Amino acid sequence: MAASDIYPSSNATTDSFSTHRTFSSSGALPYSTHHEEPTFKIVIVGAGIGGLMLGHCLERAGIDYVILERHQKQQFTQNIVQLTSKTLHALEQLGLLDEIMRISKPMSFINLRKQNMSFIGRLDFRYTKERYGYYAHIVKRAELCKILASRMRQGRIEWGRYVLEVVSGNAGVQCRCTNGYVVQGDIIVGADGAYSAVRQNLYRTLKTKGNLPKADMEDLKFTQNAITGITNPVDLTQYPDVGNEFGEANIVIGKESPHTLWISAVSENRISWTVTGPLITSNGSVENVMVSEFGPEEAENACRLIKDLKVPFGGTVADLIANTPKDCLMKYLVLEKYYKTWHHGRTVLIGEACHKFPSFAGQGAEQAILDAICLVNLLTKIQAPYLLRDINAAFESYHEQRQPIIETARYKGQVAALVNSQGWSAEMKRKVVFNLPVWVQAHSTDKTLVNPLLDFLPPIQSRGLKSVRSFSSSRSVHSAQSV
Ligand SMILES: Cc1cc2nc3c(=O)[nH]c(=O)nc-3n(C[C@H](O)[C@H](O)[C@H](O)COP(=O)(O)OP(=O)(O)OC[C@H]3O[C@@H](n4cnc5c(N)ncnc54)[C@H](O)[C@@H]3O)c2cc1C
């Protein structure tokens with residue numbers, strides 16, 4: 001589906017390629033004199049959604065950067081993520097909406113069902129189009145990463161660079177990778193996910209100095225196991241609902257079984273499915289909570305435990321497993337952790353490196369994108385000679401703006417946790433939450449919604465009826481400079 005089918009053109013076409021700085025309005029990626037004489041260089045560790053979004057924004061802002069990624073080549077994890085008006089507004093401003101619509105499906109409802117497929121309740125998400133300008137869209141993560149990566153100049157992403165150590169000093173920062181490869185820059189952004197090497201380096205230093213909060217020393221919280229897959233395109237005569245223009249997400253709660261099924265139709269007539277629960281296989285329970293990423297054999301073992309679960313589109317999970325390519329099948333740990341320390345010196349963290357939502361909370365990807373937008377807006381305001389105190393003021397402002405939003409998102413994510421809770425009280429709460437009238441949902445969303453734009457690009461009009469706030473500009477870098 002093209003963006004123009006559901007989002008008739010706004011003022012965000014090729015115009016969005018021109019910036020307040022030096023870019024032209026041609027469709028080609030812009031270059032500025034800033035690129036030719038770089039004086040401020042940003043080293044990003046990790047080419048996930050957060051790192052790639054930040055890289056693309058820096059490219060557009062004319063700030064020098066490099067992304068170091070441990071994988072040898074472009075090889076992105078196959079799972080789905082949800083994009084809403086929170087991020088689609090800025091992605092449209094970047095001129096990416098058309099491409100994103102081609103790899104996504106708008107979502108109408110989230111249905112909560114019992115194992116016999118009867119409804120417990122459903123949440124209607126269609127109101128968001130009129131109110132905020134966009135539907136919620138289900139997007140394949142790998143495809144979104146490919147779009148962002150394709151917008152960067154050759155050589156900006158260095159594949160096969162496994163970052164081991166970060167050394168930060170008054171004059172700059174050094175990133176040391178395997179095989180003795182070293183990259184230097186003015187600041188380093190840890191966008192390297194839940195097990196961030198950048199965060200671990202930073203925290204080691206802070207701990208030695210006695211400056212690391214106790215909560216940050218604690219491990220990521222393991223909640224349960226999950227197995228996930230995206231099928232090949234399915235036969236629409238067998239699964240007619242999968243071909244609908246709007247996708248419905250379904251959560252099927254296990255009463256007799258300890259497993260919960262999360263399933264939705266995605267673009268290209270594929271089905272994305274995830275089963276959460278203990279999923280402890282005969283290979284040993286201890287290993288199951290010790291290993292973060294399991295191999296294909298472990299995934300296949302776990303599949304045996306869930307193959308008989310019924311699927312709302314028809315058939316059982318066994319049919320889905322049979323139609324899921326092996327490289328699209330993954331067993332993983334559902335983890336959660338919200339760190340207090342997001343930056344120090346020349347190092348700053350974004351995305352899952354500083355806040356790890358459980359995967360089914362539907363927050364991880366959007367919050368990583370929002371981090372990148374907030375950070376790049378502040379970085380573009382730092383002026384030569386790029387003093388450490390100005391960098392620190394920008395990092396502090398980034399933390400001040402983003403941290404309260406993460407707290408709110410964390411609270412909203414608890415609705416997802418409610419789905420997994422057992423007992424009578426959880427059952428009652430689920431009934432209430434999944435039968436909320438649209439106006440109550442909308443009212444609650446109004447209070448917390450942000451959909452920021454990129455300050456260095458021409459703004460685009462809001463598509464929704466409701467005006468939505470950007471990040472709070474609690475402390476500008478300029479004012480901090482004059483302190
Ligand atoms: C199976 C699964 C299902 C999910 N489902 C959803 C969902 O439904 N909705 C949602 O919003 N989110 C979901 N998420 C989370 C979402 O994918 C992430 O939140 C999102 O990708 C943003 O993460 P990030 O950019 O911070 O880190 P990541 O995407 O984890 O990227 C980190 C990158 O850093 C690289 N890296 C790591 N260490 C190093 C190192 N030392 N040196 C160099 N590179 C390194 C990694 O290879 C990776 O490319 C899911 C995640 C998983 C795994």
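## Asparagines with positive phi

N269 is partly exposed, because 17 other C-beta atoms lie within 10 Å. (Buried means 20 or more other C-beta atoms within 10 Å of a residue's own, exposed means 12 or fewer, and partly exposed is in between; C-beta atoms are placed from the backbone.) The loop between β14 (260–266) and β15 (270–277) holds N269. Its phi is near 60°, a positive value in a residue other than glycine.

N179 counts as exposed, because it has 7 C-beta neighbours inside 10 Å. Phi of N179 is near 65°, again positive in a residue other than glycine. N179 sits in the loop between β9 (173–177) and β10 (182–185).

## About the model

This is a predicted model, where local features need pLDDT of at least 70, side-chain atom pairs count only at pLDDT 80 or more, and totals for chains, interfaces and linings use all residues. Residues are numbered from 1 along each chain as its sequence is written.

Helices (H or I, at least four residues) and strands (E, at least two) are DSSP runs, numbered from the N terminus.

## A cis peptide bond

The A384 to P385 peptide bond is cis, with omega near 10°. P385 belongs to the loop between α13 and α14 (388–420).

## Around the ligand

The ligand has 37 residues around it, and G46, G48, G193, G351 and G364 come nearest. (A residue is near a molecule if its C-beta atom, placed from the backbone, lies within 6 Å of it.) Elements giving two or more residues to this shell include α3 (49–61) and α13 (364–379). α13 gives the most, with 4 residues.
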